[in-house]
Amino acid sequence: MSHVYEVSHFLAGLMLVCSFALLYQDRLLAVLRIFAAQAIILSLAVSWEAWTQGRPHLFITAALALVLKGIVIPIILQRFILQLGIHRDIEKVVGVVLTMLIGLGLAAMSQMLIIGATTGAPAQAREGLAIALAIILIGLLMMITRRNAFTQIIGFMSIENGLILAATGARGMPLVVEISVAFSVLIALFVFAVFVFRIRERFDTVDVEALERVRGDQP
Amino acid sequence: MADPETVLAMLATAIATLLTCSLLAAAFHRFTLGFVYPMCLSAALAALSADLIALLSGIDVGVSFPIGLPTIGLHFRVDALSAFFGLVVNIGIAAAALYGFGLDQKRELSPRVEPFFAAFAAAMNLVLVADDAFGFLFAWELMSVTSWALVIADHRSAEARHAAHVYLVMAAIGTMALLFAFGGMAGPAGGYAFASIRATHLSPLIAGLVLVAALVGAGSKAGIVPVHVWLPLAHPAAPSHVSALMSGVMTKVAVYGFIRIVFDLLGAPTLWSSMIVLVLGGASALMGVLYALMQHDLKRLLAYHTVENIGIIFIGLGLALAFDADGMRSLAALALTAALFHVFNHSLFKGLLFLGSGAVLHATGERDMEKMGGLIHRMPMTAVAFLIGCVAISALPPLNGFVSEWLTFQAILKSPELPQLGLRVLVPTIGAVLALSAALAAACFVKVFGVSFLGRARSEAAMMAHEVGRPALAAMFALSALCLASGLLPGAVIDALAPANRLLIGARVPVQLSLPWLSVVPIPESHSSYNGLLLAMFIVMSAALAGFVIHRLASRGLRRAPAWDCGFPDPSPETQYTASSFAQPIRRVFATSVFSARETVEMPPPGSLETARMSVRLTDHIWQALYVQPAGMVVAAAGRLNALQFLTIRRYLILMFIALIVLMLITAIFE
Amino acid sequence: MSDALLSFIGQGCQMLLVLLVAPAVTGLTRLVKARLMRRKGPPLLQVYSDLIKLVRKEAVVADSASWLFRVAPYLIFALTWVAASLVPTFATGLLFSWTGDVIVIIALLGSARFFLALAGMDVGTSFGGIGSSREMMIATLAEPAMLLVVLNMALAAGTTQLPEVAKYFIAAPLAIRVSLALALVALVIVALAENARIPVDNPATHLELTMVHEAMVLEYSGRHLAMIEAASQLKLVLYISLIASLFLPFGIMPVTAGPLAWATAGLAWLAKLAGAAIILGVWELSIAKMRVFRVSEFLGGAFIFAFLAILLSFLTQEVLR
């Protein structure tokens, strides 16, 4: 097994482990740190791709991922969390055990799907795609099973991590698209944060279920 | 060795003896009192020797009579599979007969038990040698009816009546499913002899339907989730030696039926069939042991545990189907060997455990573990036999339960060689489920032995218990000795199973008895080996050495004193852990989701002298969703249809008119 | 010397060595923990003195105890000792290493635990019940994870016979394989649970709320207690040797290489044991013990890691086909 494949497989696998840790972790600051770690590992993986495959523009992607999602966004979110004073536990909609088992099932299913659909593609690409799809699905699962608005944001952004991994594994995205995606995520983040502040002002909680009661969806 | 005709003659005599015995006992009970069980014992031993000779000599012989259905006749055949299962069945019958002779629970019940016991034994032997669909189903129904009669032997108990009712319904559904299975296999040509069924080629759709029907029919008799519901009701309600037969032996006859249909008659296995069998086996293994952990009725716990072991057997069968479908014959032989070995083992130790629980019931009058305790002091011999049964069923080396689990795990560990990715992900999952259920089973039997036999007596009855008589003890020790022997010499059993493997799959596990030191090496390339005899010797020698060294060089003094209990000993035996309290951690981790377990504590207000109460509520979701709700819907639908009873004459005429028009339309469209 | 004689002597040496070294490993862990807490701590040989003291004392047995209570310590010790003799420590190819593979070793430890739990229930006190029921729950959760780790090993090495697996890992190039890393994490978590170490159980506690292993052996004294303590020390050495033979297999020699090679291999093994003891001591001080019902999530994590390891191995296998 060539060491090129091994290193990229190792880094992608670590990202998958971070996704599972995000599913399970119930303390906000720890969730933030795991997300930052996932972004840093993503930048390492993308840099490895850039170096071994001779695509220097991927270095910019890696730098963007590192700076924006590994450093800037976590710092901003941490400021918000500390300002709002919410360091408490998060309640989940579905139990931890069931969520983890569903996550395992999603990982197995995405693997079977990609392996079946991509015969003949290079090994590194297939493996990257399979793990990336798993990360995307688990990010979505995280958004479904969480009640706190912040962790839903983190789930959304881990989906984007998976997308970038998938893109680098395939042909790589053009730089323009990459930058615009990154900036749109940043703007989405700001919009989310403002909303969260307003929700907190109005209802004294960031628990999304509280909104449903107000809206009249629940008795 | 012996020639085939002698073997057939011996078997026929044995079965005939059992049937005659049963008829005589039914008609002239006063004169036959006390000699039914010895006759059953000798008949079982005769059949046992016949089967052993047939298995070891590789005999495969059939005979047919022109009686029965006009165009079919009755065919009988003894081949390697029948001989092996006959061995299993007759060992169980012999032990139960010996036990029954020593210890028939309630003497006033024996006129209701003895005739049906003999008939039950005969019916089970008949199922194994039947070679055509009619004979098979006739013997199967005879088996169901006689065991039903045995379940309802104590007809005054409401529990027995309810159990018998559910059993009758499930048995009827099962037989109907088997009827469909045989009908589907025989096809429009209608050749019902097994030989002609083997020659018929089936389309994949029909084969799939036949498999499902076989799973429902044979599976319900064996105890596969979700058609297991009659098992934990019926097995405890029957007298103990009959429970031993039903749980230990009749379930194996059902497994025989499944193997005969799916491996022998159905032809080439498919991947889908193996996946279904694997999933059902895994679900049964896990659910069975979880149910068992929640019980505190000793016999009901053992009955639920049978569901787990049948699940393990079906996991082995599913693996064999998967390997066979991919053409990996030697691995299929390994998986099938694991399943058949577990069939043998389970009949031994489940029979032993049920006989032991019968002994406890006889001595204390109690089935509820919460009222036992300290029985190891009052019933020392039974305790030793029961302990051997518990160690064997928890799959601990060097006894036999471990060997079949080890073989199953070896087959699972070879699953990465399967070409399909879906199976390669499914089999390790089932393997993890199997490991989980094995660990839960060990926990369950620590609970059983610890709460019933160890500790201090929790009730008057437990304090007054006495040892049971010699024949019962002999039966239990015979089964324990067999457990020990097949654990120490597993190679002998594996080699004895080889003819059955060759019959069904066409390959066999390499010869084990010729390996050095009697090791077991099922797959030569992977070098994984196990040696039960050496391991046992190793363990005994180490323990003896340690004991000897310490007693010689250090101290051997012993002093009896009250229990330390951290300085706060409580004289009341009710402060001990009960069965429910032992299961509480596991209940909290697993049963909160699986059974919606809810514990409620009712505390009296401060100052009141009332006792507090803790109650646990469990919901059996399978029973509710698959049986109670459909039953409710059927009753509701029947209630609505009841309106059809009260129509006017004009409305009846309208009904007949509509029926006629619909028939004419159908004929017009499809002609 | 003939190969058979060498392997026989090697097996004997292993059995003796493992017995002699086991208390020292526990002693070293205790010493490390004490020193890190700025205490002087008991000397390394204190563990041996404790065992000898216990063995010389008269055994006090409760009135309600049965013969099982008196026989169990010897059985538990023998089962653990036999299991420890089957794990390759400094040499592969020992005389009896083919009597059992890694599944047999795990099952032998399971038997020891079975009898320990029964012994806990024997006297009929509530402490014994607490220990036995919690111990069986932890065992239940650790087994599936352990089986998946074994499956990982079997996937990589093609066999479950430990000496063969060790030989395979010695010969295989050092590869950064994420599936093996995950399997290692899972195995370490299972080892912590099985050896009753923090965060699963506190080996130094005498509070009912926090006891699992200690509660089962509460009624034991004298030589019986000494045997059970020796058995749990042996179990720790067994697990460390198991992890070392799979993931740090350097230094293990085939038994036919002669006594000089054994000496170097033995020193390597002792170094691994000492390193593990120090790491364990530091770990136990850095983390708090979990509530009993959080242990299920901890062990569930081990299961997830092991399953992910298998999925990633399959992925690599498929992709490089």
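Mentor: Let us begin with the main cavity. The largest cavity is lined by 22 residues, and those nearest its centre are Ala395(B), Ala438(B), Ile106(C), Ala107(C) and Glu143(C). This is a predicted model, in which local features need pLDDT of at least 70 and side-chain atom pairs count only at pLDDT 80 or more, while totals for chains, interfaces and linings use all residues. Residues are numbered from 1 along each chain as written, chains are lettered from A in the order in which they are written, and side-chain values use heavy atoms, without hydrogens and water.

Trainee: What counts as a cavity, and what volume does the largest cavity have?

Mentor: On a 1 Å grid over the protein atoms alone, a cavity is a set of points where a 1.4 Å probe fits but cannot get out, and lining residues have an atom within 4 Å of a point. Grid points are joined across faces, edges and corners, and the volume is the space filled by probe spheres set on the points. The largest cavity has a volume of about 350 Å³, and the count comes to 13 cavities of 30 Å³ or more.

Trainee: Which helices supply at least two residues each to the lining of the largest cavity?

Mentor: Helices are DSSP runs (H or I, at least four residues), numbered from the N terminus. Here the contributors are α17 (400-413) and α18 (421-452) of chain B, together with α4 (102-122) and α5 (126-157) of chain C.

Trainee: How does the lining divide by residue class?

Mentor: Ala, Val, Leu, Ile, Met, Phe, Trp, Tyr, Cys and Pro count as nonpolar, Asp, Glu, Lys and Arg as charged, and the others, Gly among them, as polar. The lining of the largest cavity has 17 nonpolar, 2 polar and 3 charged residues. The second largest cavity, of about 110 Å³, has a lining of 3 nonpolar, 5 polar and 2 charged residues.

Trainee: Where does α5(C) kink?

Mentor: The bend at a residue is the angle between axes fitted to the seven residues ending there and the seven starting there. In α5(C) a kink of about 25° lies at Ala142(C), shortly before the proline Pro144(C).

Trainee: Why is α5(C) described as largely enclosed?

Mentor: Buried means under 20% relative accessible area (1.4 Å probe, protein chains only). Of the 32 residues of α5(C), 31 are buried, so this helix is largely enclosed by the rest of the structure. After α5(C) comes Gly158(C), with a positive phi near 80°.

Conventions
1 Å grid on protein atoms, 1.4 Å probe; cavity = no way out; pocket = protein on both sides within 12 Å on 5 of 7 lines; lining within 4 Å. Buried < 20%, exposed > 50% of the residue type's maximum accessible area, 1.4 Å probe, protein only.
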